[in-house]
Amino acid sequence: MTAWRLVVSGARDALRRPGALVAAVLGVAATLYLGGLFALAGVNLETAAARNQGRVRFQVYWKPGADPRLVARQMDWMRALPGLVDTRAFNPDQALAVMAQDLGPEVDLSPLSGRNPLPYTMLLTFRPPVAEEGFARDVHDRLKAVEGVAEVRFDPRELDAATALGLVARRAALPLAGVLTLLLGLTVGAMVRLILLRRRDELAILRLVGASEGYIRWPLVAGAGLAGAAGAVLALGLLKLTQLALLAALDVPPLFLRLSFLPPWLCLAVVAAAMAIAALAGLAAAMESRA
């Protein structure tokens, strides 16, 4: 019970000094936000690489003015091709709407609605048989031979790039975590040193009357942990807003990148780790000041 009262006392002390607390929280949030951007990119690269491993995506464009009934029959034929795992189809109006969303409200495409120049478009994702070579080229030739199709695109190198970027993210994770830990500790440690400097007379009196070092240090450790947890929550909130802002911007042709947020277990781990690192930094600063 005494330890809990000291923790509550430390939280109150930190709140009574909002300047130092806000500075520490913002410093922790900025540090973790930058690391969170890297983690967000890494998680989505890993997901994309796992989802697209061994897959090839084709973009099929019909000639402008193609017969809608003929295109519908051809799309049904394409959906029955072997190895197909996913399809997305766009008529000219849908393609124009996606383009308008991508360009933003400052670009007015309404004059094109009556004479839409965009063609029918279809995205097809295949998982090639492992033992069959030349699968992508064969599919490309079959799609290209369809009547009314103007162009077929595919680039399997993009899958290799996603896999390579995921590998780089994994290898850079440990050094980055070390740098973030150092920055977080320095930020919170500076806050605790500032509090100690402002309370030096009060702490000297407590020591004169026989207060233990634990009685003095526990509130400082609690305040540091509070700053770490608050900074982590703020960073995750900013990261969520960033993910929502990028979600609509990236899920458009030709990217179609569906940016997902960090998994819940990782968010909890970030808050717990930030609290623990900040508390240890506060303890180290308190012990250093006594020495």
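Which residues does Thr242 touch, not counting residues up to four places away in sequence?

Tutor: Happy to! Thr242 touches Tyr33 and Leu37 once residues up to four places away in sequence are set aside, a contact being heavy atoms within 4.5 Å. Please keep in mind that this is a predicted model, where local features need pLDDT of at least 70 and side-chain atom pairs count only at pLDDT 80 or more, while totals for chains, interfaces and linings use all residues. Numbering starts from 1 along each chain as its sequence is written, and side-chain values use heavy atoms, with hydrogens and water left out.

Thr242 lies in helix α8, residues 213–250. Helices (H or I, at least four residues) and strands (E, at least two) are DSSP runs numbered from the N terminus. Thr242 counts as buried because its relative accessibility is 17%; buried means under 20% relative accessible area, exposed over 50%, and partly exposed in between, with a 1.4 Å probe and protein chains only. Across the 291 residues of the protein, 36% are buried.

Now for the wider setting. The protein has 9 helices and 4 strands, in the order α-α-β-α-β-α-β-α-β-α-α-α-α from the N terminus. Its 4 strands make an open antiparallel sheet ordered β2-β3-β1-β4, where pairing requires at least two DSSP bridges between two strands. At the edges sit β2 (84–90) and β4 (149–154), each pairing on one side only. Between β2 and β3 (residues 121–126) there are 6 bridges in the antiparallel sense, and Asp86 stands opposite Thr125 in β3. Helix α5 (residues 135–144) packs on this sheet by touching β1 (56–62), β3 and β4, and its direction makes about 165 degrees with that of β4. Such angles run from 0 to 180 degrees between N-to-C directions, using lines fitted to C-alpha atoms, for helices over the stretch in contact.
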